Amino acid sequence: MGSTPKARRSGTRERIQRTALDLFVSRGYEKTSLREIAEELGVTKAALYYHFKTKEDILTALSDELGRPVDELVAWGREQPPTPETKRELLRRYSEALRDAAPIYRILQENQATLRELSIGAALRERLTDVGALLQAGAGSLDGRVRCSSAMLAVHFGALTLDGLPGDKEEKRAAVLRVGLEILDSAAREETAAALDAVG
């Protein structure tokens with residue numbers, strides 16, 4: 001039985017998004033044109049235009065799709081108590097979400113001047129801010145909040161900057177997560193010590 005027109009359209013959109021993502025990462029967002037995406041796919045620009053009117057439309061669709069696990073994580077985190085265990089689980093899940101979403105964040109990082117004015121830049125920054133706020137929740141001291149933010153940034157930027165290090169991607173992701181968890185644990189220890197001092 002053949003695929004339905006809707007399934008074919010969905011498959012074509014996914015192919016366009018995958019191809020565009022590869023080109024945005026390898027050539028840069030600014031230097032990639034709709035024509036080049038169409039040529040890489042072996043379709044006309046008009047066929048591409050049927051699905052996406054602009055490069056921003058493609059990037060927004062990619063951001064929505066790859067950012068969905070982070071959005072779901074934020075929703076989950078908001079329902080949890082701000083305990084050290086919750087924060088460790090948040091950081092673990094964030095690391096997993098970045099496994100697929102890292103290319104989008106890399107595109108944003110490398111094309112900041114271009115994307116600053118686009119809505120996708122604001123959406124990606126908002127996700128980062130939301131995860132950071134969840135990790136900082138309940139931290140009383142400035143140092144504790146900085147440590148919680150540092151744990152997230154270690155995982156976030158680690159996912160984007162470890163290409164030159166030896167080891168496979170999963171080993172490097174695990175190493176970055178271990179470092180992030182160590183920083184997070186140091187924040188929890190400091191908060192516990194401060195609470196004991198206040199009681200004593």
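## The second largest pocket

How much space lies in the second largest pocket? In this predicted model, the answer is about 200 Å³. Its lining is made of 11 residues, and those nearest the centre are Tyr 105, Leu 108, Gln 109, Gln 112 and Arg 125. Three elements, α5, α7 (119-136) and α8, each give two or more residues to this lining.

## The largest pocket

The largest pocket holds about 650 Å³ of space. It has 26 lining residues, and Leu 98, Arg 99, Ala 102, Pro 103 and Lys 169 are the closest to its centre. By class, the lining of the largest pocket contains 12 charged, 11 nonpolar and three polar residues.

Which helix gives the most to this lining? That is α5, with seven residues. At least two residues each come from α1 (5-27), α4 (55-78), α5 (84-110), α8 (142-161) and α9 (169-199).

## How α5 meets α8

Both α5 and α8 also pack against each other, at an angle of about 45° and with their axes 7 Å apart. That angle makes α5 oblique to α8, and their crossing is right-handed. On the α5 side, the contact uses Lys 87, Leu 91, Tyr 94, Ser 95, Leu 98, Ala 102, Tyr 105, Arg 106 and Gln 109. On the α8 side, the partners are Cys 148, Ala 151, Met 152, Val 155, His 156, Phe 157, Ala 159 and Leu 160. Counted by class, the contact of α5 with α8 has 12 nonpolar, three polar and two charged residues.

Leu 98 and Ala 102 of α5 touch α8, and both are listed among the residues closest to the centre of the largest pocket. Tyr 105 and Gln 109 likewise belong to the α5 side of this contact, while they also lie nearest the centre of the second largest pocket, along with Leu 108, Gln 112 and Arg 125.

## How α4 meets α5

The axes of α4 and α5 are 10 Å apart, with a packing angle of about 175°. The two helices are therefore roughly antiparallel to each other. From α4, the contact takes in Leu 59, Leu 62, Ser 63, Leu 66, Pro 69, Val 70, Leu 73, Trp 76 and Gly 77. From α5, the residues include Tyr 94, Ala 97, Ala 101, Ile 104, Tyr 105 and Ile 107. The contact of α4 with α5 divides into 14 nonpolar, three polar and three charged residues.

## How α4 meets α7

Are α4 and α7 roughly parallel or roughly antiparallel? Their axes come within 10 Å and cross at roughly 15°, so α4 and α7 are roughly parallel to each other. The crossing of this pair is left-handed.

Residues of α4 that meet α7 include Glu 56, Leu 59, Ser 63, Asp 64, Val 70, Asp 71, Gly 77 and Arg 78. Across from α4, the α7 residues are Ser 119, Ile 120, Leu 124, Arg 127, Asp 130, Val 131 and Leu 134. By class, the contact of α4 with α7 has seven nonpolar, five polar and six charged residues. Leu 59, Ser 63, Val 70 and Gly 77 of α4 take part in the contact with α7 and also in the contact with α5.

Methods:
Residues are numbered from 1 along each chain as its sequence is written. This is a predicted model: local features need pLDDT of at least 70, side-chain atom pairs count only at pLDDT 80 or more; totals for chains, interfaces and linings use all residues. Side-chain values use heavy atoms; hydrogens and water are left out. On a 1 Å grid over the protein atoms alone, a cavity is a set of points where a 1.4 Å probe fits but cannot get out, and a pocket is an open set with protein on both sides within 12 Å along at least five of seven lines; lining residues have an atom within 4 Å of a point. Grid points are joined across faces, edges and corners, and a volume is the space filled by probe spheres set on the points. Helices (H or I, at least four residues) and strands (E, at least two) are DSSP runs, numbered from the N terminus. Ala, Val, Leu, Ile, Met, Phe, Trp, Tyr, Cys and Pro count as nonpolar, Asp, Glu, Lys and Arg as charged, and the others, Gly among them, as polar. Axes are lines fitted to C-alpha atoms, for helices over the stretch in contact, and angles run from 0 to 180 degrees between N-to-C directions. Angles under 35 degrees count as roughly parallel, over 145 as roughly antiparallel, 65 to 115 as roughly perpendicular and the rest as oblique. A crossing is left-handed if the near helix is turned anticlockwise from the far one by less than a right angle, and right-handed if clockwise. Contact means heavy atoms within 4.5 Å.
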